[in-house]
Amino acid sequence: MLVRQRLGIMIMIFFLPINGPLLRWSFEGLSGSPMPIGDFYFFILCVLMFLFGGIMIFTPKLKFPNQE
């Protein structure tokens, strides 16, 4: 398993849309102020990061023509 795929798995687990309230709560606890974006936009951000992690997992390993 490639490092990129492991990172993709971590991103997918961390940004599951169900983890949204936990992420917001953690951010507020660490920074001391509420998140500057709304609930809907934060949900969209979580879904996009989840999809990005899926892309990182399922894309094949690329080989350049000059590599053997």
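Analyst: Start with helix H2, residues 20-31, and its partner H3. Their axes come within 10 Å and cross at roughly 110°. An angle from 65 to 115 degrees counts as roughly perpendicular, and H2 and H3 are therefore roughly perpendicular to each other. The crossing of H2 over H3 is right-handed. This is a predicted model, and every value here is computed from it.

Which residues make the H2 and H3 meeting? From H2 come Gly 20, Leu 23 and Arg 24. From H3 come Asp 39, Phe 42 and Cys 46.

H3 spans residues 39-58 and has another partner, H1, at residues 3-14. Here the packing angle is about 155°, and the axes lie 7 Å apart. Angles over 145 degrees count as roughly antiparallel. H1 and H3 are therefore roughly antiparallel to each other. H1 passes H3 in a left-handed crossing.

The residue list for H1 and H3 is as follows. H1 supplies Arg 4, Gln 5, Leu 7, Gly 8, Ile 9, Ile 11 and Met 12. H3 supplies Met 49, Phe 50, Phe 52, Gly 53, Gly 54, Ile 55, Met 56 and Ile 57.

Met 56 sits in helix H3. Its relative accessibility is 11%. The cut-off for buried is under 20%, so Met 56 counts as buried. Beyond its neighbours within four places in sequence, Met 56 contacts Arg 4, Gln 5, Leu 7, Gly 8 and Ile 11. Trp 25 is a reference point for distance: it is 31 residues from Met 56 along the chain, and their C-alpha atoms are separated by 27 Å.

Now the whole chain. It has three helices and zero strands. Along the sequence the pattern reads α-α-α. The radius of gyration is 16 Å, well over the 11 Å that the globule rule gives for 68 residues, so the chain is more spread out than a compact globule. Along the principal axes, the C-alpha atoms fill a box of roughly 50 × 20 × 20 Å.

Burial and surface come next. Of the 68 residues, 22% count as buried. The accessible surface comes to about 5,600 Å², and 74% of that belongs to carbon and sulfur atoms. Finally, contacts: among those between residues at least 6 apart in sequence, 59% join residues at least 24 apart.

Notes
Residues numbered from 1 in each chain as written. Predicted model: local features only at pLDDT ≥ 70, side-chain atom pairs only at ≥ 80, totals over all residues. Heavy atoms only, no water. Helix = DSSP H or I, 4+ residues; strand = E, 2+ residues; numbered from the N terminus. Rg over C-alpha atoms; globule rule 2.2 N^0.38 Å. Buried < 20%, exposed > 50% of the residue type's maximum accessible area, 1.4 Å probe, protein only. Contact = heavy atoms within 4.5 Å. Areas by Shrake-Rupley, 256 points an atom, 1.4 Å probe, with all protein chains shown as cover. Axes fitted to C-alpha atoms, helices over the stretch in contact; angles between N-to-C directions. Parallel < 35°, antiparallel > 145°, perpendicular 65-115°, else oblique. Left-handed = near helix turned anticlockwise from the far one by under 90°.
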